[in-house]
Amino acid sequence: MQRIALFGLFFVFFFLGCQEKEEPEFLLRASHLVNENHTWYQAFEYFAAQIEERSNGRIKVENYHSEQLAKEIEAIRLIQAGVIDMTTTGSMLNNWIEIVAFSEMPFLLRDSIDMQNLINGPIGQKIDSEMRTKTGLRTMGYFQRGPRHLTSNRAIKHPDDLKGLIIRVPSVPSFVTAWEALGAKPTPMAFSEVFTSLQQGTIQAQENPFAMINSAGFSEVQKYINLTAHVVSWTYPVIGEKQYQSFPDDLKKIFDECAAEMVHYEHRLFINNEKSVQQELKDKGMTLIEVDKDAFNQKCSDALFNSLSPEMKKIYYQVQEMKKQRDEKTH
């Protein structure tokens, strides 16, 4: 009887052991500043499912939203240290390399066509190359962002209306330069701290695309969206270059294919979201305000240009020439 019981126990342990999943060869941790409702996070979740399936479980991705693992700058440093593996980032890398400022420079690009021309041209290629060599981050493509707009609890139609307004900005030098020149008081702050700071009155305004305004619930603490459209930009989904190079060739191929599909997937989510998000924000009680964009641009353009190094000023002229050539082709 005892032998039968022992055999039964052995069988149970054997059966449970067979059911246990094998550990992946590569466990990748991705830190996200956005919450789980944002298209970037949803795209990474899609990527995680695809790559686990196609690699037969050899690669697994764990996604952490709302800066649970780290704030954006910390996440970059943790990737460089090999502690975590992936995130989304853009102009924040201006703290490491100058040229990435052009991925989110205020009042530089007019629309998504200007953006795509820059990304796919020599300047975009140089950004990609310098990110890899100088920061150790490898781009996986790019996610388009809608134009950034200013939210506040008083209507802002002209730069004169900004006087003394405390605005949260990301820790990006060109953002600080622009808003100071416009007469506001920019305060760099991690994204995860913005809602509470608006609620408590530590800051009075913030600026982000419609999707970020909506997913972060800023309609609960801000009344107006002032349509400044001051930045047309994108963000890069990235992986540490060392982490990527640790994959064997067959997994690199799978990784690249899944990354490309993730970018297309996110773009479809973005387009669909952009169609509905303005109405959602209106339904939540926010009022959209038209602004004097030319006045904003004129008041801060000199300060932005003068903040650039001589080498970056040359690139600024290249961007202006790119825009000019586009205009000549369309007229």
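## Basis of the model

Because the model is predicted, local features need pLDDT of at least 70 and side-chain atom pairs count only at pLDDT 80 or more, while totals for chains, interfaces and linings use all residues. Residues are numbered from 1 along each chain as its sequence is written, and side-chain values use heavy atoms, with hydrogens and water left out.

## Overall build

The protein chain holds twelve helices and twelve strands, where helices (H or I, at least four residues) and strands (E, at least two) are DSSP runs numbered from the N terminus. Taken along the principal axes, its C-alpha atoms fill a box of roughly 90 × 45 × 35 Å.

Of the 331 residues of the protein chain, 50% count as buried; buried means under 20% relative accessible area, exposed means over 50%, and partly exposed lies in between (1.4 Å probe, protein chains only). Among the contacts in the protein chain with a separation of 6 or more, 76% are made by residues 24 or more positions apart, a contact being heavy atoms within 4.5 Å.

## The largest pocket

The largest pocket has a volume of about 300 Å³. On a 1 Å grid over the protein atoms alone, a pocket is an open set of points with protein on both sides within 12 Å along at least five of seven lines, whereas a cavity is a set of points where a 1.4 Å probe fits but cannot get out; lining residues have an atom within 4 Å of a point. Grid points are joined across faces, edges and corners, and a volume is the space filled by probe spheres set on the points.

The largest pocket is lined by 25 residues, and those closest to its centre are Leu-33, Glu-72, Met-92, Arg-168 and Pro-170. Helix H3 (72-80) and strand S3 (86-89) are the elements that give two or more residues to this lining, and H3 supplies the largest share, three residues. By class, the lining of the largest pocket divides into ten nonpolar, seven polar and eight charged residues, with Ala, Val, Leu, Ile, Met, Phe, Trp, Tyr, Cys and Pro counted as nonpolar, Asp, Glu, Lys and Arg as charged, and the others, Gly among them, as polar.

## The cavity

The structure holds one cavity of 30 Å³ or more, and about 70 Å³ of space lies in the largest cavity. Its lining has 13 residues, of which His-38, Gln-144, Arg-145, Ala-211 and Phe-270 lie nearest its centre.

Helix H2 (39-54), helix H8 (210-215) and helix H10 (249-283) each supply at least two residues of this lining, and H10 gives the most, with four residues. The lining of the largest cavity is made up of five nonpolar, five polar and three charged residues.

Leaving aside neighbours within four places in sequence, Ser-112 is in contact with Gln-144 and Val-232. Ser-112 and Phe-270 are 158 residues apart in sequence but 13 Å apart in space, C-alpha to C-alpha. Ser-112 counts as partly exposed because its relative accessibility is 28%.

## Helix H11

Helix H11 (residues 293-306) has 14 residues and reaches 20 Å from its first C-alpha to its last, close to the 20 Å expected at 1.5 Å a residue; the expected span is 1.5 Å times one less than the number of residues. H11 bends by about 40° at Cys-300, the bend being the angle between axes fitted to the seven residues ending there and the seven starting there.

In H11, Ala-295, Phe-296, Cys-300, Leu-304 and Phe-305 are buried, and what covers the buried residues of this helix includes helix H6 (173-181), strand S10 (224-231) and helix H12 (310-330). Asp-302 also has its place in H11, but at 56% relative accessibility it counts as exposed. Asp-302 and Lys-275 are 27 residues apart in sequence and 35 Å apart in space, C-alpha to C-alpha.

## Two residues with positive phi

Most residues other than glycine have a negative phi. Asn-56, although not a glycine, has a positive phi of about 55°, and this residue lies in the loop between H2 and strand S2 (59-64). Asn-56 is exposed, because its relative accessible area is 70%.

Glu-67 is likewise not a glycine and has a positive phi of about 55°, and its place is in the loop between S2 and H3. With a relative accessible area of 11%, Glu-67 is buried.
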